[in-house]
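Trainee: I would like to learn how to read a model of this kind, feature by feature. Could you take me through it?

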Amino acid sequence: MAKVVKEFTKGFWEQLPPFKLVLGLCPTLAVTTSAENGAGMGVATTFVLVCSNIIVSLIRKVIPNEVRIASFIVVIASFVVITELMMQAYAYPLYQSLGIFIPLIVVNCIILGRAEAFASKRGVLDSAADGLGIGIGYTIALTVLGAIREIIGSGKIFGHVLFGGFMPLRFLIEPPGAFVALGSMLAIINFISARQKSRR
Amino acid sequence: MRKIIRMVVVLTLITGLSGMTLAYVDKFTAKPIEDTKIKLVKAPAVQEVFEGLGADNDPIADRKKVVVGKDSHNRDISIFAFPAKKGGQVIAVALETIVTGYNPGLGVMTAIGTAGKDKGKIIRIGITSNAETPGKGSRASEPGFKGQFSGRPTGEAISPTGIDALSGATVTSRAVVEAINEAVKIFKANQDKLMS
């Protein structure tokens, strides 16, 4: 049990996807223009990650080694299409604002990375915990990054105006701002990690 | 050899299963997706073209399906017609036709009057989806262009040379005319059904 909990919690800090593993940066840069977009993308990715981890782990023993990547991609792509259809049906505005980045979850390295490095070698429960933990960590990271960009870039949070008479720095919402925001976040996270290490 | 057979069988099984699942999910979500799109994309356009008519019904709830042709599998292609009613009488009908301008997917909502002074005239048109060149064809959505179709009789098809085309966007202008003519044609062919 303790092992499952450890697999679950490692995604929150130890292996926090965009900042510690530095994986899945394309959607991280592109969709974090607002906290809502970041959270939506995170939830969609988490769903695909958990489902694909479970299925990959279930079928890991029947897949011949030579076609494993192809098999993983088919599994992942199926769940992405399911997510896409579900979002069109029940979250259309979010689907429109995320646009092309929903189908692009297929090629998100985090998902293939977890399937290849973890789910293809471990049991179902461990894999589900791993997927859920990494997914939640990714969601939190995207939401925080989106919130920072939204607050400074447009003076809002989750679409609600925060303060009046504030001239937003629109630059942070635009693509170059994504690099600046992500870079600053990485610097802060690395600073904290370095201090943790030196204390130990 | 056995290895190759095993690879082929496993991969075929996985793709087959995934195809089956997706077909099922697609079938299951088709209706909600259609409803969502009508509510969020079509409803605002219908409201726009019917503005000021004083309709007392909900054109979205009263929508009717009309068959406009067959696809390559011999299945019916149908579009929605939205009627505006006043005191139970149909006073106008809006139809969305989708044509290809400079890019595919140019959607035009055409409102046709069926009673009173607007009878047999185009009331207003609205653009529902527009992927034309920004700054050129995209200007089809501006009131200056789409306003010129208001009040035109539906007796005969509009000629592409008889309008003020958008400068630099001849193809888009012609496509809008084509979409309106198509809507009028569909309306005339299904008049009995739509007026009831």
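Mentor: We will go through confidence, the interface, the nonpolar cores and the sheet in turn.

Mentor: This is a predicted model, in which local features need pLDDT of at least 70 and side-chain atom pairs count only at pLDDT 80 or more, while totals for chains, interfaces and linings use all residues. Residues are numbered from 1 along each chain as its sequence is written, and chains are lettered from A and ligands numbered from 1 in the order in which they are written.

Trainee: What pLDDT does chain B average?

Mentor: The pLDDT is the predictor's confidence in each residue, from 0 to 100. Where it is low, the predicted coordinates should not be read in detail. Chain B averages 86, and 100% of its residues score at least 70; for the complex, the predictor gives an ipTM of 0.77 and a pTM of 0.76.

Trainee: How many residues of chain A are in contact with chain B?

Mentor: Two residues are in contact if their C-beta atoms, placed from the backbone, lie within 7 Å. By that rule, 18 residues of chain A meet 17 residues of chain B. The largest share of the chain A side, 12 residues, comes from helix α5 (residues 68–90) of chain A, where helices (H or I, at least four residues) and strands (E, at least two) are DSSP runs numbered from the N terminus.

Trainee: Which residues touch the most other members of the largest nonpolar core?

Mentor: A nonpolar core is a set of buried Ala, Val, Leu, Ile, Met, Phe, Trp, Tyr and Cys residues joined through C-beta atoms within 7 Å, and a residue is buried if 20 or more other C-beta atoms lie within 10 Å of its own. Of the 41 residues in the largest core, A:A44, A:V48, A:V75, A:I76, A:F79 and A:I111 touch the most other members. The helix α4(A) gives the most to this core, with 11 residues. Leaving aside neighbours within four places in sequence, A:V48 is in contact with residues including A:I76, A:F79 and A:I111.

Trainee: In what order do the strands of the chain B sheet stand?

Mentor: Two strands pair if DSSP finds at least two bridges between them. In chain B, 5 strands form an open sheet in the order β1-β2-β3-β4-β5, with antiparallel pairing. Because β1 (64–70) and β5 (122–129) of chain B stand at the edges with a single partner strand each, one side of each is left without a neighbour in the sheet. Strand β1(B) pairs with β2 (residues 76–86) of chain B over 6 bridges, and B:G69 stands opposite B:I77 in β2(B).

Technical notes
Buried ≥ 20, exposed ≤ 12 C-beta atoms within 10 Å, placed from the backbone.
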